[in-house]
Amino acid sequence: MDDLISEFLAETNEALAELDTALVDLERASEDAEILARIFRLVHTVKGTCGFLGLSRLETVAHAAESLLGLYRDGERSVTPDGITAVLAALDTIRLIMGGLADAGEEPKGDDSALLARLEALVQDEHVSTQPTDPATRDDEPPQADEEPTAVASALAIVHDGPAPPSGATAAATPVASSTVDTNLPVQAIRVSLPVLDELMTLASELVLVRNQLLQVARSQGSTPFSAPLQRLSRITTDMQEGVMKTRMQPVSAAWAKLPRLVRDLGQELNKKIDLVMTGGDTELDRQVLELIRDPLTHMVRNCADHGLETPEQRIRAGKLETGRILLSARQEGGRIVIQIADDGRGLDLTRVRQRAVERGLATEAAVTAMEDADVARFVFRPGFSTAEAVTSVSGRGVGMDVVRNNIERIGGNVDLQTTQGRGTVLTIRIPLTLAIISGLVVESVGERFAVPQSAVVELVRVGGGNTRVEWVDSAPVLRLRGQLLPLVQLGPLLNLAPFLGGGAPVEGFVAVLQADTARFGLLVNGVFDTEEIVVKPVAPILRDLQAFSGNTILGDGGVIMIIDPSGVARMAGIGSDRTAQAQGETITKDEEGAQLLLFRAGGTPTPKAVPLGLVARLEALPSSTIEMAGDRPVVQYRGRLMPLMPLGAWAKPLAGAHQQLLVFQDGDRMLGLMVDEILDVIESRIDLRPSAQHAGFLGSAIIAGHATDVLDCAYWLRQGDPSWFGKTDQAVPRLLVVEDSGFFRQIVVPALSTAGYDVTACADAASALRLRDSGAVFDAILSDIEMPGMDGFGLVAEIRRGGPWSKLPVVALSSRSSPKDLMRGRAAGFSDHVAKFDRDRVLSALANALSNMSEAA
Amino acid sequence: MNAQLLQMSPRRSAIEESRLLLTLQIAGRLCGIPVPCVRDVLRAEAITRVPLAPPGVAGVLNLRGRIVTAVELRSRLGLPPADRGAPQMSIIVEYDGELYSLVADSVREVISISPETREEAPATLGDTWRTHATAVYQLDGELLIELDPAQLLAFGRGVEGGIS
């Protein structure tokens, strides 16, 4: 049987069991809004699930029941015993159909019209609501219900035993209703409750502790007969601990598995073209967390498809691609899992949301007018809030978003929404890393151990004692790392474990280079131990304000250890976000000043040469003996394949025992080693490039660090080394327009993009770009700087989007400013994507993405 | 003694429970904690310090696979810290679904208190003590101060409220 179907059956059976109980409760306390809301949500979920599995008979029945329950929930009808009976009858019909589904794998044939008519009558009939206390006046009322209107047992009895007068379907449900369905489900996996898994995990941890104690005893005893079995016990214990941990972890894609089909079916149902893109599906999540986000995710994707995206006609009219796009992504960020659901649809109509908030009595007219748009958007998370004009079978009953928020908040997460009218909505869910398993690097500072999430560790550098030296800029320690100055944070002193070292003090220890959200810095510690797989546990509430830590964990040896939050530490040390505003101003000027350049000597000439560091994949020093000759060209076996080597000018194989310095360029599988004599330095410098036409292979020369320096034309050398480097000739070369005012950046960007196989045209300002447009130039994509004299990037993209032949081209922003606010502004202005200047890989992937979107849409 | 204490701790009737106090010694003072909230008593060792933690938090420890926050009773009650290396006891209590360890100098017996011996904490008691003491009992030859675990664990309430 289809996995989806069997999972659906298991889930729905649980929901039905819960529903039975809830309906019983409801009949006892008919005015209880919370029970009503719960019932409504359960039925809504069942309906939704049937809907996208194509179980139309089930869906019809569930929809009818839901309509009635919706009226109850909103207080438009009072709950009556015959209403409950009808809903119970609907549930039994659902069970009956599910029984057939379990047996045959498809919905059994049957006629539910009587049941549907009865539910419909209850929905339509004002009579019921006006005289709720006198159900006996209705002729089609089951007689048993009259006698004992409040007892649920009787309501059930009617369905199970009684003749159930008006509904043929109900009668048909009788024989299967209670017993057969549950037992008929095929068992492929068993459900184990999370407390049992938790208990197992605790026991496994205990076992590890005991094992460790035993090993310690054994070590002091020398060789004993226990040694061998103890070793086995030890290994088994480790395996068991790992196994138990695994039982709790699942990739987030497990919760996504159903979504492509859901989206496909929704697309058909709603007559929309929808493209679902999912990234980061292998991000691991605790099973419990996963279960809890499954429904919210489904609801949100459903909402995107139903409300968020427009119909193809509307999209075309709005100047968008016909196919709407829903982007689902997951990633681990700092101490949290971030899941985003973004659509490029119409966005929330905030005016309508404001109106609705007033109608619903959630806020006064004055209050909503004064509210920030972002706060207004959050009204959609209130129960019963929906701006959908019509109630469709897909969603729009205002059930989705409050369920979403409830479920997310229950696991200590939060959900937020950003919307831009006409351009789409982004929902961001942040779930704590609680219980997520991560790899942690154990470090020591002033005698205390801490874990650093391995994902944040870029590299480890040993400092002092003859290794790399820590240098001081006044009282701030820094590390020179490949030409960059890396700010260092002294962990011990920051955590108040030791006094801060004075300026100029000798430092010995290790620097863990960490990448936090916004900043890269070095964490100065005394020692580094091992990496361990750790299960992150939240800290107690009284310790929750400590921003240095994202949680704590128990190590294999039983010790408790705090987990460092790199972003928190960066904030505490004043690196990153706190200074972002100030830093942004600096970055802009810095940007204008230049980029990182790698200086080297090559070809036996004394003139230093420069190449933008961003273009070089790696620096290598290869032993002379590894260089072989293929024909008349030197090659080397590098990372499992043959890499051609290219001399810059005259070259002689280095003497045996000497090393050959290489700049390695890479594009996908293609690699080329440029042989140079000596790597000099990496510097950040502004250069005034003076073109030199006669000097092949160089863009020109400039004064860098006080010396006349030749600036390398990478494209030339790569073509020399491998003529097919740009030869993606089997398909049309994408034509790219680069708008960039800085001549220097043009010099970097153009070769880099040519190298990657683009046909690049560059111009220096928005005006000349627009002139190109008006003269009929054709491109496939545009890459534009944002900060430009005259019309800036925002202005340019707005102008491009306004109309004309380029209005639908992907335009990627190239900028140093990448705060969320800038990103928002960029999107609002019409940029398809936004990349930091100048990160070659990200520029290329953004372009590739933008182009593939184009071609899919075409 | 630990074993005995543990045997005594589980469920009893509500009335009886309210009169059972686990007595402990903090800097020479005799204090009591209601038995129903006590989950375990063990020697206080292997506590991992938590840098920058609020004063009074001794650190965190591993209690059979659960991480428990240890609270220094001396510090909470404004008493000078114990001598380094002096043996201490850890009383594990449950509060608001979380386990905490209250660190005291030593643990004595569980005693049954009759309500007649109960007195309100005197008004002249210092602020720190008055916050944490719920009552004072007259025993033979000494006074027993009953502590309120909820108060002992109420760190930075305002801050918590601010977050949620």
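Me: What makes strand 11 and strand 12 (residues 476-481) of chain A a pair, and in which sense do they run, parallel or antiparallel?

Reply: In this predicted model, strand 11 and strand 12 of chain A share four bridges and run antiparallel. Pairing needs at least two bridges, so they count as paired. Within strand 12 of chain A, P477(A) is the residue opposite W472(A).

Me: Which sheet of chain A holds these strands, and what is its order?

Reply: An open sheet of six strands, ordered 10-14-15-13-12-11, with mixed pairing. The twist averages 35° from one strand to the next.

Me: Why are strand 10 (457-463) and strand 11 (470-473) of chain A called edge strands?

Reply: Each has a single partner strand, so one side of each lacks a neighbour in the sheet.

Me: How do you know that R49(B) and E448(A) form a salt bridge?

Reply: Their side chains meet at 2.9 Å, N to O. The cut-off is 4 Å, from a Lys or Arg nitrogen to an Asp or Glu carboxyl oxygen, so the pair qualifies. The rule finds one salt bridge across the interface of chain B and chain A. It also finds two residue pairs in polar contact there.

Me: What makes up the side of chain B that touches chain A?

Reply: 15 nonpolar, four polar and five charged residues. Strand 4 (57-63) and helix 6 (157-163) of chain B are among the elements that give two or more residues.

Me: How much area do chain B and chain A bury between them?

Reply: About 2,100 Å², 68% of it on carbon and sulfur atoms. P51(B), L52(B) and I67(B) supply 29% of the area that chain B buries against chain A, more than any other three residues.

Notes. Residues numbered from 1 in each chain as written. Chains lettered and ligands numbered in written order. Predicted model: local features only at pLDDT ≥ 70, side-chain atom pairs only at ≥ 80, totals over all residues. Heavy atoms only, no water. Buried area = accessible area lost by both parts, 1.4 Å probe. Polar contact = N/O pair within 3.5 Å; in protein donor to acceptor, adjacent residues only side chain to side chain. Nonpolar A, V, L, I, M, F, W, Y, C, P; charged D, E, K, R; others polar. Axes fitted to C-alpha atoms, helices over the stretch in contact; angles between N-to-C directions.
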